[in-house]
Amino acid sequence: MSSDLDPSLPAARVTAVRVGRRRDGAFAASPAPRVSWVVESDAPGWRQAAAELRLDGGGVVRLDGDESHVVDWPFAPMPPHARCTLEVRVTGESGVTTPWSEPVTVRSVFLADGEWRAELVGLAEPDGEACPGLVRTEFDVDGDVVSATLYATAHGVYQAAINGKDVDDDVLKPGWTSYGYRLEHEATDVTGLVVRGRNAIGIRFAGGWFTEKYGFHGQARRVYGSDQPAVAAQLHLLYADGATQVVVTGPGWRGAVAGPVVSSGIYDGEVVDLRRALPGWSEPGFDDGAWPAVVVHDLDVVPESSDAEPVRRTQELAVQQVLTTPSGRTVLDFGQNLVGRLRVRVRGAAGDVVTVRHAEVMEDGELGVRPLRHARATDEIVLSGGEDVVEPEFTFHGFRYAEVTGWPGELDPAAVTAVVVGSDLRRTGWFECSDPLVNRLHENVVWGMRGNFLSVPTDCPQRDERLGWTGDIQVFGPTAATLFDSDAFLAAWLKDLAVDQAAAGGVCGFVVPQVLPDGDQPAAAWGDAATVVPTVLFERFGDRAVLAEQYPSMRAWVDMLVERAGERMLWEGGFQFGDWLDPDSPPDHPAQAKVDPDVVASAHLVRSARLVARAARELGMAEDAEHYDDVAERARQAWVREYTTPAGRIVSDAQTAYAMAIAYELVDADTRQTMGDRLAELVRRAGDRIGTGFVGTPIIADALTDTGHADVAGRLLLQTGVPSWLYAVTMGATTVWERWDSMLPDGSINPGQMTSFNHYAFGAVADWLYRRVAGLAPGAPGYRRLRVAPVPVDGLDHASARLETAYGTAEAGWRAEDGQLRVHVVVPANTTAYVELPGADAVEVGAGEHEWTIPDPRPAGERSLATV
Ligand code: BGC
C-alpha cells in the first residue's frame, strides 16, 4: 500500500514480479510465460511510461508503454530445466526510473516434447482394491549436482521422498484432473536433497480421486479403468560439468504393500497402522530384497506441467471445546467448519485403535452424520506402542466436530489439532461493514471457498460427492475471483472442462472432471460455466489468454444450444436443474422452483451467446462477434415474446425471473424499470425474504440496486428470518449452507437427503458487497480501471473493501456521519478510477488516495441499523 512506503525509498518501486499464472513462485509452465509486476508509488497519478526486463543470459529488453500485467515474454524461449534470474524496473511518465526489483528466479517446469519417459508403476501384489503402497529405487550420483528436479505424477495421490526427506510440503499431489485426457505433473526442485554417492527415492501413494467410486443411489462405481493406483516419476540431474542424468520409474523399481497407510479413500477416510511404519524405506541401503518388482500400468496421456497452486496445509486450529454426548461419546469441537483432517499425538499399547468420525454439525447432542450419506468420513489409527504423531495423508474431511473413540486414557485436547487443507491460493479480498452479522457472513463465504477450492472447485467437501459441479462455480466465480487469486486454479479447471466437453460433443455437463453416469447433459446455469467462468477470469484478472484458450469451448457450448433451440430460438424441454434450491421447493425436490425451468434455460442461451460475442470481439474476431450478437438478439427476442407480457410481467412471476431479465439485460430500459419495480414488490411481499435458488441468488441484489431499489436490497441482506443470508449466521453457521435452511430453526437437520453445511453457491452475494455496497468494481479487465460507485444500503453505517489487484492494492468504502457520507478510495499506481457518487458528477481520478464528502442520499430514518 502506498502509505506504507518507506520515505527513504524512491517514489515508486517494482514489487511482486511474477511469471506465469501461479502466485507462489516464478514458474515457467511453457517456454514463453507472461510476466507481471506491481508498481508501488506514493506519487499521485503515477503511470508507467516504459519498463525494462533483465534476464541473466538474456540481456535487457525495454518495452515502451504502461503494460505491467501478463506482458508477453520478450526473450528467447526458455528451454526445459532452465533457471534464470529476472528483474524489472520501470520509468514513470515523469521520466524517473525505479531501481531494479528484487531478482526472482524463474524455473522451467515443463518438459520438451517426447521427453517424458517415466512409466506408470504400481504394486505387483496389491492387497485388495485401491491398495496404497510404496515404490522405491536407488541411484548413484557421481559428481557435483547443480540442479535436480523431480517430475512426478500419479493415477492416485502421492508424496515422494529422497534420502528420507519429503520433496515438498504439498499434499494430495497431483490433484484431480480429467485423468483420461489430462494428467499433470509436478516439477519439484530437489537439488538440496540429492547427495554425492548412493541415493534413494521412494514414493508412497494411494488411490485418492483416481480409484474413488462416483455416483448416487447405490450406483457408485469407479470410472478411470484401473482399480489400483500407480505413480510415475522422472528425476533430472544436472552436473556442474554440464552432464545430465535421468532416473525414471520403470520395471526396475520395487514396490510393496507396506507403510502405515492400510487403506485410504476420499469419501471413506484412512486406516493408518503405525506398527507398519518402515523406517529408512526411502533411504539408501534399505533392504527391499523381499519387495517384488513393480508392474507397469498404461499411461494414455503425456503428463503436462501444472500451472496452478498446489494443495497444502494452510492453517491449524486447536480444539475449542470437548463435548460429552448424551450417549457418552467424546466429541471435539473446533469452532469452525473446515476441510482437512486431524493430527494427533498419542501414546498407547501397540494395536490400540483410535477412531475419528467427522461431521459438520451436531444433532440431538450427537454427531450429525446423516448428511454425509455414503461417505464414512472415518479415520482409524492403529497405535505403534510408542509415542505416535499422525495425520491421515491421502484423504480429507469436511467437519467442525470430530468424535474420538478408543483414545488410551484421558484425551488431552492439546494433543489434537485440526489441519486445514486446500489449494494454497493468495487471499486478495477483504470486506468490512457496520453489521457484525454481515461480517460473519463474509467470513463464512471465505471459509466456504477455502474448503471447496481443493484441487477442483467443488460443491461440498464432506458427503459422497465433492465434485466439480459446473453450476456451483458458474454462480460463485465472481466471488471466488474477488476473495482469492483464483486465476491459475480456475484456468486449470477450465482445461478439464474443455476436454470433457469435447468428448461429449460440445455439451458441458454437470461436473468437471466428468465422472457421473448421466452427467453429459446440458443444463442451464450449469453448462454455462463454459462461457461464464472464462469471462469472469478475464474481467477480474485481465488475462486475455484465458479467453483465447477457452474460446473453442465457449463457442461449442453455444453452437450446441442453438442447434437444440431450433427455429424457435428457445431452449425448451429436456432435463434442467432450474433455479435449484428455491426456498419454496420441497426438501426432496430441489428443482421444483417458482420459475419455470424453460424461462431459466432460454435466458441462459441469450447470456452465453452474448458472452461468446464479447469474447470474439476481445480476440479480434469481428465476424464471430457479429454472428453471436445476432444469435443472442434472436434468442432475446424469442424470450421476450414467449415469456413476458407487453406490460412487463414474466410468466413466472418470481424473484429469479425478474432478476434474470435485469441482470442478463433481456429487456429494454423501460421494461427493465417496470421489472425492477415488480421485483422489489415481490421481495416486499415475501416479507423482505429471499425467494431465489442457485440462479437468482447471485444476481438479485444487483438487479434491485440497478433499478433503484437499494433499500430493498439492504433489507434483504440484513434479514435474519428464514430464508435469508443471515439466518444461517444467527444459527451459528461458520460456512455457507447448501440450503437456506440446512438446519431448521429447532436445530434439527433439514430432512432433505441432500443437506450440506458447506456449499459456496449462496455465498455469491459477497461479490455484490464488494462491487456495489463498498463500491469497488472492475471498470476495465483486471481492474486496470476501477469503477467506484458505492451504494449505501439502508441499515449500514459504513462499509469498505480492499482488493489486491494485478496492479496493487485498491480500496473503496464509505462512512455515514451526521447526514454526510465520507467516501474513501485508494487507486493503485498505473491505474485510474471512474468514480460515481450519489448526487455528484462522475469523475475520473488517477493513482493515489482520494476522499469525498457528500450528503447521505438515504432518507434520515433509514440509515441506522434496521435489523429486525
Ligand atoms: C450438488 C450441487 C449441484 C447439484 C446439481 C447437488 O448434489 O451438491 O451443488 O449443483 O447437485 O443439481
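Colleague: Which residue just after α11 takes a positive phi of about 80°?
Modeller: Helices (H or I, at least four residues) and strands (E, at least two) are DSSP runs, numbered from the N terminus. By that count α11 spans 697-706. Just after α11, the residue with a positive phi of about 80° is G708.

Colleague: What kind of model is this, and what pLDDT do side-chain atom pairs need?
Modeller: Residues are numbered from 1 along each chain as its sequence is written, and side-chain values use heavy atoms, with hydrogens and water left out. The model is predicted: totals for chains, interfaces and linings use all residues, local features need pLDDT of at least 70, and side-chain atom pairs count only at pLDDT 80 or more.

Colleague: How many of the ten residues of α11 are buried?
Modeller: Buried means under 20% relative accessible area, exposed over 50% and partly exposed in between (1.4 Å probe, protein chains only). The buried residues of α11 include P698, I700 and D702, and they pack against α3, α9, α10, α12, α13 and α14. α11 is mostly covered, and of its ten residues the number buried is nine.

Colleague: R678 is next. Is it buried or exposed, and at what relative accessible area?
Modeller: R678 sits in helix α10, residues 669-685. With neighbours within four places in sequence left aside, R678 is in contact (heavy atoms within 4.5 Å) with R649, D653, Y658 and R685. R678 is buried, because its relative accessible area is 12%.

Colleague: Over what distance does α5 reach from its first C-alpha to its last?
Modeller: The expected span of a helix is 1.5 Å times one less than its number of residues. For the 13 residues of α5 the expected value is 18 Å, and the model is close to it at 17 Å.

Colleague: Why is α5 largely enclosed by the rest of the structure?
Modeller: The cover over the buried residues of α5 includes α3, α4, α6, α7, α14 and β37. Just after the helix, G542 takes a positive phi of about 65°. α5 is largely enclosed because, of its 13 residues, the number buried is twelve.

Colleague: α4 is part of that cover. How many of its 17 residues are buried?
Modeller: α4 reaches 25 Å from its first C-alpha to its last, close to the 24 Å expected. Among its buried residues are F489, W493 and L497. A498, also in α4, counts as partly exposed at 23% relative accessibility. α4 is mostly covered, and of its 17 residues the number buried is twelve.

Colleague: With which residues is A498 in contact, leaving aside its neighbours within four places in sequence?
Modeller: The C-alpha atoms of A498 and M554 are separated by 8.7 Å, although they are 56 residues apart along the chain. With those neighbours left aside, the contacts of A498 are Q550 and S553.

Colleague: Which residue of β32 is the bridge partner of L332?
Modeller: Two strands pair if DSSP finds at least two bridges between them. β26 (330-347) has 13 of its 18 residues buried. It pairs in the antiparallel sense with β32 (397-405) over seven bridges, and there the partner of L332 is A402.

Colleague: Which residue in the turn between β25 and β26 has a positive phi of about 90°?
Modeller: β25 (321-324) and β26 pair antiparallel over four bridges, with T324 opposite T330. They form a hairpin with five residues between them, and the turn residue with a positive phi of about 90° is G328.

Colleague: How much space lies in the largest pocket?
Modeller: On a 1 Å grid over the protein atoms alone, a cavity is a set of points where a 1.4 Å probe fits but cannot get out, and a pocket is an open set with protein on both sides within 12 Å along at least five of seven lines; lining residues have an atom within 4 Å of a point. Grid points are joined across faces, edges and corners, and a volume is the space filled by probe spheres set on the points. The lining has 41 residues, with E539, R540, R614, A663 and R771 nearest the centre. The space in this pocket is about 1,300 Å³.
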